[in-house]
Amino acid sequence: MFCKMRVTGKICAFWAVAAFLLLPLASCAQKVKEYKLQVVESLPHDRGAYTQGLFFHNGELFESCGQYGSSSFRKVDLKSGKDLRRLNFDAKYFVEGSCVHNGLLYILTWQEHKCFVYDINTFKFLGELYNPREGWGLASNGKELILSDGTTKIFFLDPQTFAVKATKEVKFNGRPIPLINELEYINGELWANVYTQDYILIIDPATGNVKGRVDCKGLLPSSLRKPTTDVLNGIAHNPATGDIYLTGKYWPKMYKVKLVEK
């Protein structure tokens, strides 16, 4: 299986964040709220989907999926997990995060320095933007695009030019956290997967400081895991209902969840 971690050479960063995020609550000086998950509903998810981006638009679910030779963007039926519409990408592209901003669909590539732009309603290709860094996660706050590149930083971008308007470093009680991955903007907060970790960080986008940490360990039970099952990745908030959905790369399930403070 293709491994993004090996190619980017971020093994040291992985172990650093793994050790830090696994610290007990006492060592965090009670500054960050700790949450666990309550599963409200279990739903089917395409086990062949290497989930990179996940979001709702006008009540409908969309998903971008990676890997060279099998990257795609999909409109997905929530209840069945089946594709309702699909864009397939050339084998030279590894698709990453995606989002909608002002009716336009933005789809990142990993190392190809491109962000493709489409009409979200028709899937018509409208053009591309140059991204000088790696593409990992993408979200919109209604004014700007927010991008992660696998480092400790998040970038606020002009949607028309991809020019950086602001940069914030993600910090957990003052300590930078690398491998920030898939992003979702929820009620003024930025939720982020941390690559390879069973945690989600809730970030104050104005400062980059982590406000909350969501423990997602055990969300996909071991009985549903196969050798190909990969990491937690994919956060989708449906503004119409307030519901939050989580999944992972090559997971057979998607979960509607609620947070419970520890």
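Let's start with the largest nonpolar core. It has 24 residues, and Val170, Ile180 and Leu201 touch the most other members. By nonpolar core I mean a set of buried Ala, Val, Leu, Ile, Met, Phe, Trp, Tyr and Cys residues joined through side-chain atoms within 4.5 Å. Buried is under 20% relative accessible area, exposed is over 50%, and partly exposed is in between, with a 1.4 Å probe and protein chains only. Strands S12 (153-157), S16, S17 (189-194) and S18 (199-203) each supply at least two residues of this core. The largest share, 3 residues, comes from S17. There is also a second, separate core of 16 residues; Ile200, Val214, Ile244 and Tyr255 are among them.

A word on the model. It is predicted: local features need pLDDT of at least 70, side-chain atom pairs count only at pLDDT 80 or more, and totals for chains, interfaces and linings use all residues. Residues are numbered from 1 along each chain as its sequence is written, and side-chain values use heavy atoms, with hydrogens and water left out. Strands are DSSP runs of E, at least two residues, numbered from the N terminus.

How confident is the predictor? pLDDT is its confidence in each residue, from 0 to 100. The mean for the protein chain is 92, and 89% of the residues reach 70 or more. Two stretches to flag. Over residues 5-12 the pLDDT is below 50, and this stretch has 19 contacts in the model beyond near neighbours in sequence. Contact means heavy atoms within 4.5 Å. Residues 24-29 are also below 50, with 6 such contacts. Where pLDDT is low, the predicted coordinates should not be read in detail.

For pairing, DSSP must find at least two bridges between the strands. Strand S1, residues 33-44, pairs with S19 in the parallel sense over 4 bridges. Glutamate 34 has arginine 213 of S19 as its bridge partner.

Another open sheet has 4 strands, S6-S7-S8-S9, with antiparallel pairing. S6 (95-101) and S9 (125-130) are the edge strands, each pairing on one side only. Here the twist averages 20° from one strand to the next. S7 (104-109) and S8 (114-119) run antiparallel, joined by 5 bridges. Tyrosine 106 is partnered by valine 117 in S8. Cysteine 115 of S8 stands opposite leucine 108. Cysteine 115 also stands opposite leucine 129 in S9. Both hairpins have a residue with positive phi. Between S7 and S8 there are 4 residues, and histidine 113 has phi near 60°. Between S8 and S9 there are 5, and phenylalanine 123 has phi near 65°.

Last stop, threonine 229. Where is threonine 229 found? It is in the loop between S19 (210-215) and S20 (232-238). Threonine 229 is buried, at 14% relative accessible area. Leaving aside neighbours within four places in sequence, its contacts are Arg47, Leu220, Leu224, Lys249, Tyr250 and Trp251. A polar atom of the threonine 229 side chain lies 2.8 Å from the backbone nitrogen of lysine 226.

Terms used. pLDDT is the predictor's confidence in each residue, from 0 to 100. A polar contact is a pair of N or O atoms within 3.5 Å; within protein, one must be able to donate a hydrogen and the other to accept it, and residues adjacent in sequence count only if both atoms are side-chain atoms. Axes are lines fitted to C-alpha atoms, for helices over the stretch in contact, and angles run from 0 to 180 degrees between N-to-C directions.
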